Amino acid sequence: MTKASVVVNADVALGTIDRNIYGQFAEHLGRCIYEGLWVGEDAETPNIDGIRKDVLEALKNLSIPVLRWPGGCFADEYHWKDGVGPREGRKRMVNTHWGGVVENNHFGTHEFFRLCELLETEPYICGNVGSGSVREMSEWVEYMTFDGESPMAKWRQENGREKPWKLKYFGVGNENWGCGGNMRAEYYADEYRRYQTYSRNYGDNKLFKIAGGPNVDDYHWTEVLMREAGRHMDGLSLHNYTIAGSWEEKKQALDFEEDGWFEVMKKSLHMDELITRHSTIMDKYDPEKRVSLIVDEWGTWFLHEPGTNPGFLYQQNSLRDALVAGLHFHIFHKHHERVKMTNIAQMVNVLQAMILTEGDKMVLTPTYHVFEMFKVHQDAEVLQMSVDSGDYELNGDSVPQVSVSASRKNGEVHISLCNVNPSAEAGVSLDLRGIGADGQVSGRVLTSDVMQAHNTFEQPDTVKPQPFENFERGESGALSVTLPPMSVTVLTIRG
Ligand code: AHR
């Protein structure tokens with residue numbers, strides 16, 4: 001058993017873990033919106049205003065703070081005016097980017113805001129720079145947020161919504177270095193400045209404007225955007241996926257052995273370096289950290305499941321994905337001063353999803369359970385810690401075996417721990433300073449005996465949180481914890 005020692009200074013808070021770090025992303029892609037969320041008011045599937053009830057209830061349990069929509073690459077082909085007004089008259093378009101299927105525009109602006117209301121989630125809308133116009137974007141903001149007499153406000157009222165919605169988070173394009181127009185950083189920086197100028201703040205609705213940011217390690221993009229447009233933005237996005245294999249030759253979600261497990265753990269940890277290096281550039285232009293880094297696409301990207309449309313990006317989700325989520329959250333907590341929002345890709349049926357559906361059936365994934373277990377960290381104070389972790393080694397390479405993060409909220413301390421080693425327990429000695437030695441401790445763990453463990457419609461509970469009691473409290477209050485191999489654990493200490 002590997003030994004790790006952790007010191008948590010429960011009385012030294014470093015800052016707040018923004019709840020928006022636990023954000024989600026739903027794109028018009030595959031079966032995310034249609035079937036996954038939207039079935040329509042006339043469907044036999046139980047629904048509230050067209051949104052399926054089972055998925056809604058499960059998602060509500062995650063306390064999702066913010067939801068990004070309508071894309072992704074789809075955002076830069078989306079023309080919002082096609083998605084408002086009576087549904088039967090809405091334009092049918094081809095979703096050229098994702099599978100070439102017909103998009104009937106039945107889920108549009110009004111439906112999205114309704115979904116957010118039902119989820120009690122902040123909307124984050126991404127506008128079209130790639131194939132749209134300044135006027136189209138400007139009018140969308142007017143339609144959603146203007147309270148008074150104007151052409152767009154009047155149209156919104158005719159479409160059944162008297163009062164404007166509140167909209168804070170607004171993205172000015174998506175991946176404009178790629179599917180959002182194949183622009184150079186220098187060109188997009190100017191386009192960003194122009195488009196955001198006409199995305200107005202109406203009344204007391206103040207937009208938090210997010211510029212399309214770099215792809216992975218494109219530090220030049222960050223440099224140019226911050227230099228040329230930094231003062232016009234509130235956030236800069238970053239996209240990075242954890243890919244098994246290579247971009248050209250991806251591997252399947254469940255088809256891996258230990259080398260595939262190790263590869264994905266190691267690639268997850270790369271997020272730390274990316275954030276550190278992009279933040280360093282941002283610090284140069286914005287030492288006060290006014291501009292947030294918004295990691296609005298992250299998660300695993302595997303080869304689509306056999307027999308499914310490759311353009312739908314449908315993949316299974318295993319215990320390996322759960323570890324990926326846990327490691328990412330710990331990295332985001334660490335960078336809480338700069339990273340104020342992240343949005344996993346995606347919420348239902350696409351990439352590293354929370355939920356998979358098949359017709360009326362629904363299953364929660366291991367990733368769902370990590371989001372649920374970690375929601376205690378939302379808006380909590382991140383605590384100072386030191387971690388001395390042993391290594392998990394494979395084929396001459398290594399990663400730290402144990403990853404830890406601690407936070408405090410409402411008189412409770414929460415410590416999450418990931419043991420990434422698939423075959424060895426980790427003994428962790430947890431020195432808890434600044435907290436009473438007699439506080440009550442409880443825990444939950446997500447684990448399995450097999451790396452590829454996952455949930456199916458037939459066996460939905462293969463991977464789900466279990467009570468965790470594998471710890472002992474010493475006299476000084478220190479905790480001696482034994483983490484199972486390949487596990488995600490959350491401990492709660494009260495008092
Ligand atoms: O999440 C899937 C796609 O990945 C998004 O549409 C795009 O922004 C990214 O390349």
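Leaving aside neighbours within four places in sequence, asparagine 205 is in contact (heavy atoms within 4.5 Å) with Thr145, Trp165, Lys166 and Leu167. The model is predicted, so local features need pLDDT of at least 70, side-chain atom pairs count only at pLDDT 80 or more, and totals for chains, interfaces and linings use all residues. Residues are numbered from 1 along each chain as its sequence is written, and side-chain values use heavy atoms, with hydrogens and water left out.

**Two loop residues**

Asparagine 205 sits in the loop between helix 5 (185-197) and strand 10 (208-211). Helices (H or I, at least four residues) and strands (E, at least two) are DSSP runs, numbered from the N terminus. Glutamate 425 belongs to the loop between strand 20 (412-419) and strand 21 (426-433).

The table gives their relative accessibility. Buried means under 20% relative accessible area, exposed over 50%, and partly exposed in between, with a 1.4 Å probe and protein chains only.

| Residue | Relative accessibility | Class |
|---|---|---|
| Asparagine 205 | 5% | buried |
| Glutamate 425 | 36% | partly exposed |

Glutamate 425 has its own set of contacts. Beyond neighbours within four places in sequence, they are Met1, Thr2, Gln401, Asn419, Thr482, Leu483, Pro484 and Pro485. Proline 484 is 59 residues away along the chain, yet its C-alpha atom is 4.7 Å from that of glutamate 425.

**The barrel**

Eight strands form a closed barrel, in the order 2-5-8-9-10-11-12-13, with parallel pairing. Two strands pair if DSSP finds at least two bridges between them. From one strand to the next, the twist averages 25°. Strand 5 (residues 66-69) and strand 8 (residues 122-127) run parallel, joined by four bridges. Arginine 68 stands opposite tyrosine 124 of strand 8.

Helix 8 packs on the sheet. The helix touches strand 11 (235-243), strand 12 (292-301) and strand 13 (339-345). Its direction makes about 165° with that of strand 12. Axes are lines fitted to C-alpha atoms, for helices over the stretch in contact, and angles run from 0 to 180 degrees between N-to-C directions.

**The helix pair**

Helix 8 (residues 319-334) also meets helix 9 (residues 366-374): their axes come within 7 Å and cross at roughly 35°. On the helix 8 side, the contact involves Leu319, Asp321, Ala322, Ala325, Gly326, Phe329 and His330. Helix 9 supplies Pro366, Thr367, Val370, Phe371 and Phe374. These residues divide into eight nonpolar, three polar and one charged. Ala, Val, Leu, Ile, Met, Phe, Trp, Tyr, Cys and Pro count as nonpolar, Asp, Glu, Lys and Arg as charged, and the others, Gly among them, as polar.
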